[in-house]
Amino acid sequence: MRTFLAVHRAGSLTGAAPSLGLSQPTVTAQVRALEEELGQQLFVRRARGVTPTSAADELAARIAPHVDALAAVTVGDDPFAAPVHLAGPAELTTIRVLPALAGLVASGLRLRVTFGLADDLLAGLAERRYDLVVSTIRPRPRRRGLAATPLTDEEFVLVGPRGFDGDPRTAPLVAYAEDLPIIRRYWRSVLGVRPPAGPAVVVPDLRGVLTCVLAGFGVSVLPRYLCAAELASGALIALLEPEEPPINTLFAVTRAEPCRAGPAAVRDALLADAARW
């Protein structure tokens with residue numbers, strides 16, 4: 001059952017072998033033995049990896065909590081015996097999340113970090129590729145089996161470089177993506193209009209957007225946590241100060257089943273630290 005579950009989560013016989021300490025032929029033999037015992041095909045072999053059948057999905061859902069609980073017993077009392085797989089947006093994870101975990105790493109936490117977009121990471125969490133996701137969106141109701149805990153609210157600020165004295169509504173825009181997701185939301189909620197069509201510069205990393213604005217490329221909308229130091233120093237200026245700036249709630253998301261000690265410790269550390277974000 002443990003071998004089956006590892007293959008189901010990895011999507012590959014070869015990929016599951018290292019985590020089990022087994023050879024690929026042994027993993028294959030165990031899966032075939034289980035299929036014969038159950039009288040059901042569990043995986044369809046593909047050129048790259050395997051695809052679980054509906055019977056495999058049902059079996060994995062039934063046994064996963066029990067196999068994981070047994071695994072927790074076998075590793076003893078050390079909550080960090082297994083690495084914790086954490087995922088989140090690159091900017092927030094780098095600037096806020098990772099520093100909050102320094103104490104746990106000093107206590108023995110082994111951390112494996114993945115960056116990506118919220119929808120992709122939440123799908124990976126449901127498929128057990130990650131233990132905890134810091135998400136910029138709440139999981140949709142259709143994505144059952146996930147539990148979201150609010151971390152904090154990030155505030156968005158319309159910023160320009162030092163000395164900017166133009167009209168931000170007509171200035172060149174530096175954006176995270178071509179469809180202006182953050183800028184569009186700010187324009188609609190604060191200015192009541194759609195932003196101009198087409199950004200001048202697109203950089204798929206908010207730290208890159210910050211660098212471009214500092215260099216005088218144009219204006220943009222950034223989370224306050226990302227540019228607080230530049231605002232304080234005067235290198236950036238806030239172009240508007242609305243009474244109710246747009247905010248977005250951040251979530252710590254785990255699977256709804258009982259959380260292992262390691263991921264639970266990471267989640268609790270983030271919740272404690274997020275009060276000062």
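Is R224 buried, partly exposed or exposed in this predicted model?

**View 1. The salt bridge between E155 and R224.** In this predicted model, the side chains of E155 and R224 meet in a salt bridge with an N to O distance of 3.0 Å. Because E155 belongs to strand β6 (residues 146-161) and R224 to helix α10 (residues 224-233), the pair ties together parts that lie 69 residues apart in sequence.

**View 2. The salt bridge between R255 and D131.** The closest N and O atoms of R255 and D131 are 3.8 Å apart, and the two residues form a salt bridge. R255 is part of strand β11 (residues 247-255), whereas D131 sits in the loop between α7 (118-126) and β5 (132-135), so this pair ties together parts that are 124 residues apart in sequence. Both R255 and D131 are buried, and for D131 the relative accessible area is 10%.

**View 3. The salt bridge between R260 and D131.** D131 also forms a salt bridge with R260, where the closest N and O atoms are 3.2 Å apart. This pair links distant parts of the chain, since R260 lies in the loop between β11 and α11 (261-273) and D131 in the loop between α7 and β5, 129 residues apart. R260 is partly exposed, with a relative accessible area of 29%, while D131 is buried.

**View 4. The network around D131, R255 and R260.** Salt bridges that share partners join D131, R255 and R260 into one network. The structure as a whole holds 10 salt bridges, among them the bridge from R255 to D131 and the bridge from R260 to D131. Side chains of opposite charge can pair when their charged atoms come close.

**View 5. L270 and the largest nonpolar core.** The largest nonpolar core comprises 48 residues, of which L101 and L270 touch the most other members. Leaving aside residues up to four places away in sequence, L270 touches V97, A100, L101, L132, V134, L151 and W277. Apart from this core lies another one, made up of 20 residues that include L34, F43, A56 and V67.

Notes
Residues are numbered from 1 along each chain as its sequence is written. This is a predicted model: local features need pLDDT of at least 70, side-chain atom pairs count only at pLDDT 80 or more; totals for chains, interfaces and linings use all residues. Side-chain values use heavy atoms; hydrogens and water are left out. A nonpolar core is a set of buried Ala, Val, Leu, Ile, Met, Phe, Trp, Tyr and Cys residues joined through side-chain atoms within 4.5 Å. Buried means under 20% relative accessible area, exposed over 50%, partly exposed in between (1.4 Å probe, protein chains only). Contact means heavy atoms within 4.5 Å. A salt bridge is a side-chain nitrogen of Lys or Arg within 4 Å of a carboxyl oxygen of Asp or Glu. Helices (H or I, at least four residues) and strands (E, at least two) are DSSP runs, numbered from the N terminus.
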